[in-house]
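The exercises below are meant to be worked with the sequence and the three-dimensional view open side by side. Please try each task before reading its solution.

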Amino acid sequence: EQACWSYIHGPLEAELDALCIPHRAGDFAVLRDMLDAGTFDCAVVRTNRHAREVAAYFASSSVPVVYIRSFLRWFEGNDTHFDPEFERLSYAYPEHVFFSGPSLQRSAQKLGIPIKGGEILFNGVDMARFCAAPRTPPPQDAPLRVGILANIAPHKNQLAAVAMLRPVMEAGGCTLHLAGEEQYPDYARQVREAAAGLPVEFRGYVAQAETFYDDIDVLLLTSTREGWPTAIMEA
């Protein structure tokens, strides 16, 4: 059994409702109320964004903490932003730490401090619970609409998707819909050049993910690495 807390409300709450998982959003007083109730055997933390606010509380709490260190924009620790003092604080209170990728593990090793646990925990989807088939069968007389919702970036691998699907697109079997900001101009140009003459639509930034998902038949994830692929959960 589990319950979830978040600092602010977000789109993942709909998925939690669908899975019948209780959740609350609010400031740190809400989090303390939940943990002080004494009903939890452990707490799983998947962001160090609020480490300064929760470290002292967790250090004094009887609830053991498991920390999953994933790729997040705030304090990634993968050479884009590395604050040794903040990182040390993030690893001070958990009873066990998992890393969602080798580069994060290496970043932690820079600190030269003992880290409890430290295994790499690769994220995945339990296909027994989340079927790979489209929610509604696509019409048989129309090309399959394949979509990637991700910023146009090398590690998202849209170039490989275009190359892989080229024969199918040329045969009229599918169209490809790419949604996301073109954050790497040189790479975006390569993707556009590879897609020239093919039924590939560049949609740019999508503010409402559900509008994109409603318009495709299959979600394609071609990333060479993912810290926490929320696109799968959203889709």
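**Exercise 1.** What volume does the largest cavity have?

*Solution.* Before starting, note that this is a predicted model, in which local features need a pLDDT of at least 70 and side-chain atom pairs count only at pLDDT 80 or more, while totals for chains, interfaces and linings use all residues. Residues are numbered from 1 along each chain as its sequence is written, and side-chain values use heavy atoms, with hydrogens and water left out.

Grid points are joined across faces, edges and corners, and the volume is the space filled by probe spheres set on the points.

Step 2 is the search, which over the whole structure finds one cavity of 30 Å³ or more; the volume of the largest cavity is about 40 Å³.

Step 3 is the lining, made up of Phe28, Leu31, Arg32, Glu53, Val54 and Tyr57. Helix H2 (28–36) and helix H3 (51–60) each contribute at least two of the lining residues, where helices (H or I, at least four residues) and strands (E, at least two) are DSSP runs numbered from the N terminus.

Step 4 is to look at what H3 does elsewhere. Its buried residues (buried means under 20% relative accessible area, exposed over 50%, partly exposed in between, with a 1.4 Å probe and protein chains only) are Ala51, Val54, Ala55, Tyr57 and Phe58. These buried residues of H3 pack against H2, strand E3 (43–45), strand E4 and helix H4 (84–92), a contact being heavy atoms within 4.5 Å.

**Exercise 2.** Which residues of helix H7 (residues 185–195) are buried, and why do they fall on the same side of H7?

*Solution.* Step 1: the buried residues of H7 are Tyr187, Ala188, Val191 and Ala195. They lie on the same side of H7 because they cover an arc of only 100 degrees around the axis, the arc being that of the directions from the helix axis to the C-beta atoms.

Step 1: just after H7 comes Gly197, with a positive phi of about 80 degrees.

**Exercise 3.** What is the order of the strands in the open sheet of four strands, and where does Leu178 lie?

*Solution.* Step 1: the order is E9-E8-E7-E10, with parallel pairing. E9 and strand E10 (218–219) stand at the edges with a single partner strand each, so one side of each is left without a neighbour in the sheet. Two strands pair if DSSP finds at least two bridges between them.

Step 1: strand E7 (residues 144–149) pairs with E10 in the parallel sense over two bridges, and Val146 has Val218 of E10 as its bridge partner.

Step 2: Leu178 lies in strand E8 and, with a relative accessible area of 1%, is buried.

Step 1: strand E4 (residues 65–69) runs parallel to E5 and is joined to E5 by four bridges, with Arg69 opposite Phe99. E5 also pairs in the parallel sense with strand E6 (residues 117–120), over three bridges, and there Phe99 stands opposite Ile120.

**Exercise 4.** Where is Cys20 placed, and is Cys20 buried or exposed?

*Solution.* Step 1: Cys20 is in the loop between helix H1 (12–18) and strand E2 (23–25). Its relative accessibility is 68%, so Cys20 counts as exposed.

Step 1: although Cys20 is not a glycine, its phi is positive, at about 60 degrees.

Definitions and conventions. On a 1 Å grid over the protein atoms alone, a cavity is a set of points where a 1.4 Å probe fits but cannot get out, and a pocket is an open set with protein on both sides within 12 Å along at least five of seven lines; lining residues have an atom within 4 Å of a point.
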